[in-house]
Amino acid sequence: MTERLYDNSKLTTFEATVTSCSPAGKYYELTLDRSAFFPEGGGQKGDVGLIDSVKVLDTYEKNGEVVHKCTAPIEAGMQVCGEVDADIRLRRMQNHSGEHLLMGVIHRKTGFENVGFHLGSDDVTLDLDGVIPTETLIECEFLANKAIAADLPVTISYPDSESLKTLEYRSKLEMTENVRIVTIEGVDVCACCAPHVASTGQIGIIKVLSAESYKGGTRLHILCGLDAFELIRNRMDELSAISRLLSAKPEKILEQTKRLIDENDALKRQLADIEQRKAARIISSLSNSTRGSFCVFTEGLNTASMRDIANEAVKLTDGAAGIFCQNENGWNYIIASDSLPLRSMSAQINSALNGKGGGSDKMLQGSCMAERTAIEDVIKKLH
Ligand SMILES: [Zn+2]
């Protein structure tokens, strides 16, 4: 059985002897007499790195052995040097130990249990079996960061079954033998098989990104350590860019954004009012003494106003009424009729108008590129 070295989480290079190597698909499964590579477990992925110059793509457990998934074979009996990818391992430990720390604080404060944990590539989720009030969450986040600043020791132990009976610890599984206990001094005691930082200072920072209702409890999205720092740096860069766009100091951008939204709402209302009045003017000037099909040309109106005009214009014709509103490429149109089967005429109309669109027998809506005189010609002939 592989001697496991990852209880010392700072150990990332080690020497070992290859005990077996066998092909598995296009890769090789290699075992060592001792290894600092962590096989996936406890929500944490298997380590990656190098054994001599051979890439280790993943590490997992098989029949009690730590199996290294390698890109090339190494003969059994060879003395090798193993090197765990220290950056990836550190980031995973920061997120995982950070989760233990925050969860420990929350558990002590609220009694809630952790009923789900996912160490993803973009964030870490942890599920609580209760609804945590925002103020409590903010307080717990702060206390967890204070515990980081206090640089508390994180220790690994394997208590015997007698001591386990009296030990209070968080655990998702009912285990009585070989239970690996991860203790953050004074904050949390939890059963977990994964490597953890040696002291809380190594976590660097814990940031709760968001909280949402989930299965009657709360799902928290968090990030810790270097991953959290990089996210914060990216967000700060975005804020600086927004600040430059708004010509406002970063501390004023919220206020400035609210002001812009209010201004925008007021402008929209003003524009709607102008449109309504324009549509009303067009409606009051509508005339069609022949009651044949006819057109109205306009510009700068939205579809709702065009429809209002069409609904009135259609009353003045025994054929069809076309409302054409100029846009940057040609025209938006609405054609209405109470007597013609517009839907079945739609293809023919669009082809004549160099346009596209559709609708019902009573109303077609679309856009077209034809010249104004050509449009008048097409619409007049509708009967
Ligand atoms: Zn854990």
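**A quick tour of the model**

The chain splits into domain 1 (3-84), domain 2 (90-232) and domain 3 (285-380), with bounds taken from an automatic or database domain assignment. This is a predicted model, where local features need pLDDT of at least 70, side-chain atom pairs count only at pLDDT 80 or more, and totals for chains, interfaces and linings use all residues. Residues are numbered from 1 along each chain as its sequence is written, and side-chain values use heavy atoms, with hydrogens and water left out.

**Domains**
- Domain 2 and domain 3 have C-alpha centres 65 Å apart.

**Helix α1**
- Helices (H or I, at least four residues) and strands (E, at least two) are DSSP runs, numbered from the N terminus.
- Helix α1 covers residues 86-110, and its 25 residues should span 36 Å at 1.5 Å a residue, which agrees with the 35 Å between its end C-alpha atoms; the expected span is 1.5 Å times one less than the number of residues.
- Asp85 caps the N-terminal end of α1, with a side-chain oxygen 3.2 Å from the backbone nitrogen of Asp87.
- Just after α1 comes Gly111, with a positive phi of about 85°.

**Where α1 meets α4**
- Helix α4 (residues 225-246) packs against α1 at an angle of about 90°, with the axes 6 Å apart; axes are lines fitted to C-alpha atoms over the stretch in contact, and angles run from 0 to 180 degrees between N-to-C directions.
- That makes the two helices, α1 and α4, roughly perpendicular (65 to 115 degrees).
- On the α1 side, the contact (heavy atoms within 4.5 Å) is made by Asp87, Leu90, Arg91, Gln94 and Asn95, and on the α4 side by Gly225, Leu226, Asp227 and Glu230.

**Arg219**
- Arg219 sits in strand β15 (residues 217-224).
- Leaving aside residues up to four places away in sequence, Arg219 touches Thr125, Leu126, Asp127, Ser210, Ala211, Glu212 and Tyr214.

Methods: A polar contact is a pair of N or O atoms within 3.5 Å; within protein, one must be able to donate a hydrogen and the other to accept it, and residues adjacent in sequence count only if both atoms are side-chain atoms. Angles under 35 degrees count as roughly parallel, over 145 as roughly antiparallel, 65 to 115 as roughly perpendicular and the rest as oblique.
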